[in-house]
Amino acid sequence: MKSISVLKDRKKQIFEKGGSEPFDMSCEKKSLAGAVSQRACVFCGSRVVLYPIADALHLIHGPIGCASYTWDIRGALSSGPELHRMSFSTDLSETDVIYGGEKKLKMALTELIDQYSPKAAFIYCTCIVGIIGDDVDAVCREVEAATGIPVIPVHSEGFKGTKKDGYKAACDALFNLVRRYPNPEPKPLSINILGEFNIGGETWIIKRYYEAMGINVVSVITGDGRVEEVTRAATATLNVVQCSGSVTHLAKMMEEEYGIPYIRVSYFGIEDTSDALYRVAEFFKDAPEVMEKTRELILNEVKAVIPGLETVKKDLAGKRAALYVGGAFKAFSLIKALKTIGMDVVLAGSQTGTSEDYAILRDMCADGTVILDDANPLELAKYVMEKNADLFIGGVKERPIAYKLGIGFCDHNHERKIPLAGFEGMANFAREVHETVTSPIWDLVPRRANKNTGKGNGK
Amino acid sequence: MLLRHTNTEIKERSSLTVNPAKTCQPIGAMYAALGIHGCLPHSHGSQGCCAYHRSTLTRHYREPVMAATSSFTEGSSVFGGQANLVQAIDNIFTTYDPDLIAVHTTCLSETIGDDVNQIVSKAVNDGKVPEGKHVIHASTPSYVGSHITGFANMTKSMAIQFAQKTGKSNGKFNIVPGFVEPSDMVEIRRLTTELGLKPILFPDTSGVLNGPLTGKYSMFPKGGVTIDELKSTGDSIGSIGLGPLASADAVRALDTQFKVPCQVLDLPIGMLATDRFIDTLRTAAGVSVPDTITKERGMLLDVISDMHQYLYGKKVALAGDPDHLIPLTEFLITMGMKPVHIVTGTPGKAFEKRIKEMTSHLDYEVNVKGPGDMFTLHQWIKNDPVDLLMANTYGKYIARDDDIPYVRYGFPILDRIGHSYFPSVGYQGGLRLIEKILDAIMDRLDRDAPEEKFELVM
């Protein structure tokens, strides 16, 4: 196969560690027009962050597409109400675009609140709302006054930046709720879990750890989320923020407004999960029993998963992994987790990493690892083949590319079906990676059949 | 109960869609464009549109779906997207080297008033379109019509922006298959060829969205109608458009502009609609129906007669796209089933009218709505329960909550395979539909039968 070329202007976003080019990642740029980018928009960022709040109304103000494509696509589980899994849209038509959609929005909102009695309503502005100039804020104020529930505009017009700007818009909407709590008094030994969305039930695992440590979880933002719980967030003494910055903006605002400090953690992999829990215990050092319980918890949890990890490691040692994720923070954890099961990372990329992120990534990776920002499918395919990867970790659009190349795949995005967080999540991850990498099917793939280096179980 | 919120009291909703039975134009345009060989679809709008369409198509086909985007910024939405599109065209040809780019618009670029025709001309004049390469475009505002409209618009564009009339007949027939699966396109081509016609089938996503695993990744897989074929559509003997909403615009435009006589038929779903399609092909080819096809028809009839007692009188709820629902309703009626609730999200008065005509002779009430949504369908079902639900993947909520036998049919199907590989058009496709319907109904009989009535032979 002829070598795949890369866009000239993309050369500053692709580096090979230890290569001849100096490492100077040009990231946080808008994607080039015409690039087959794997990135999404502002609306997408807001939608994924707020979506798990299960007792709120999520109304999408715009033509139908934005509502259709985001109808129940994220496996964010709820232990109670499931209003978030319905799809509500003002379904703007041509006449609305000409005459404005405010009237329609107001009618739709009133009708929905009347019928479903949600605890709050989030109104997502899509591209077109920003152009036709609907005063969504005014409609929200009016409906809030009439109904008495928080009606909150989310300024997520798709073109107003990247997915990251959508996270910020979602944080603004969340902060709108948080500020409604009058004179919050901090509760002892209490935290908020931020940036954890309960995909596959992950929130429940993390919450269990904290409870075992004797920590009071005030609210989870937004996994298995409830309006009332989010509103109470300012009564916690620490914000523990997960995920690459999707909810960091909220933590910063809460620090400024209430003086609540925050720490950034990851619950992925043994190392990072332990680190997260120890750091929280460390924060509450005035209560030494917390650290004691934390040690005991981690010891027991690690003991439980290690034998399983050792088993899969036998088959996976020396296998090569490529990963392309949304935020770079997740990539750090994945690299450590892959090391735990003996795999080498040959490609690491992210959609939204910052230059500090990429510097960390570079330091974590071995020589020869390709590091890229905002990659396109051709680049991903090129390096997967050149580096002879055995596994790809990515999201929905990367999955079929990995399979076409005849290698294993693990979804580490919205479509993961089993929890990958925490200690048991690591065991699940190892099992999933093992299943896909050692599947006998790859021995039948023409490209790999001739030079298969693997220990496929099919042999 | 996931849809615990569905109540039985049906109110007219004028400003609200709940659980849509449609999506927006651009994804249909993207799907159509993927049916041209060597084509990179291009979304002229924000980055998210393109990402969502690619994700949805990827989930439905489980294949890589390639498309580029103009990546609108706040600046482009104030000053217009011309600079983005011209740069995009340049970048795409330089890097990905497709044979053509098929640009579709979005609600954003339409509302700010971008004239894509003019922008493409500018790109050509500026030398951004290399010799022998092409750019076609379609206007597909998301606030008009549905995904079907977008498919129709792009299909029309690919015909009229390439077609030429040399005055010399190519001896072929243009067949526009409609918004159907790659497997259906293969079947439509086979039937056309069996009847002795040489088809130019466009768009043709077979080979593109149901390709083999080779261990290599190709951005432009082997399938798709070629540019030379599209150019030649103006020299064809005639055109047949299958599915009025998706295909009529294209064949009518070829008729008007290039005097290629056209006929518009229903999608060949079920016995009677396939009969009409075969009859049209037979007349066009001036042949009698070959024995192979007569045999296929006979087999379909045979299976229906073998199993009609399981189908007779069963009430069915349907959600989907108008072009599919019309012949599907007809098919169900011919088998003695009762399609009682029918909804599409796609706007257009013709749909309700056709369904009403088709069902006026029946001795039961038929609820039909276009545009409607899945919430309304569910309310109808709650008021008047059914024995079978046929809908896209979003039907699974209703099927689960009300414990209804369910056949996945339509777009998108995000949780099962098969649609890309096994057709539901033609007599053979009819067999597949019946198999699926019977499996659903008879599995339910087995599940619910008391032990003494649980039967081996059915």
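Which domains does the domain assignment give for chain B?

1. The assignment divides chain B into domain 1 (25-160), domain 2 (173-210 + 222-288) and domain 3 (292-452); such bounds come from an automatic or database domain assignment. The model is a predicted one, in which local features need pLDDT of at least 70 and side-chain atom pairs count only at pLDDT 80 or more, while totals for chains, interfaces and linings use all residues. Residues are numbered from 1 along each chain as its sequence is written, and chains are lettered from A and ligands numbered from 1 in the order in which they are written.

2. The centres of domain 2 and domain 3 of chain B, taken over C-alpha atoms, are separated by 25 Å. Contact involves 28 residues of domain 2 of chain B and 27 residues of domain 3 of chain B, two residues being in contact if their C-beta atoms, placed from the backbone, lie within 7 Å. On the domain 2 side, the elements giving two or more residues are α8 (182-194), α10 (244-258) and α11 (271-285) of chain B. The largest share of that side, eight residues, belongs to α8(B). Helices (H or I, at least four residues) and strands (E, at least two) are DSSP runs, numbered from the N terminus.

3. The domain 2 side of this contact in chain B divides into 17 nonpolar, six polar and five charged residues. Here Ala, Val, Leu, Ile, Met, Phe, Trp, Tyr, Cys and Pro count as nonpolar, Asp, Glu, Lys and Arg as charged, and the others, Gly among them, as polar.

4. Chain B also has an open sheet of four strands in the order β3-β2-β4-β5, with parallel pairing; strands pair if DSSP finds at least two bridges between them. β3 (68-69) and β5 (134-138) of chain B stand at the edges with a single partner strand each, so one side of each has no neighbour in the sheet. Strand β4 (residues 100-105) of chain B runs parallel to β5(B), and five bridges join them. B:His104 has B:Ala138 in β5(B) as its bridge partner.

5. Two helices lie across strands of this sheet. Helix α4 (residues 82-95) of chain B lies across β2 (39-44), β3, β4 and β5 of chain B, at about 160° to β2(B). Helix α6 (residues 116-125) of chain B lies across β2, β4 and β5 of chain B, at about 170° to β5(B). Axes are lines fitted to C-alpha atoms, for helices over the stretch in contact, and angles run from 0 to 180 degrees between N-to-C directions.

6. The axes of α13 (residues 322-334) and α14 (residues 349-359) of chain B come within 10 Å and cross at roughly 5°. That crossing makes α13(B) roughly parallel to α14(B), a term for angles under 35 degrees. In α13(B), B:Pro322, B:Ile326, B:Thr329 and B:Glu330 meet B:Phe351, B:Arg354, B:Ile355 and B:Met358 of α14(B). This contact has five nonpolar, one polar and two charged residues.

7. Between the chains, the contact takes 63 residues from chain A and 56 residues from chain B. Helix α4 (residues 102-116) of chain A supplies the largest share of the chain A side, six residues. Strand β3 (residues 88-89) of chain A pairs in the antiparallel sense with strand β1 (residues 17-18) of chain B over two bridges. In β1(B), B:Val18 is the bridge partner of A:Phe88.

Methods: Angles under 35 degrees count as roughly parallel, over 145 as roughly antiparallel, 65 to 115 as roughly perpendicular and the rest as oblique.
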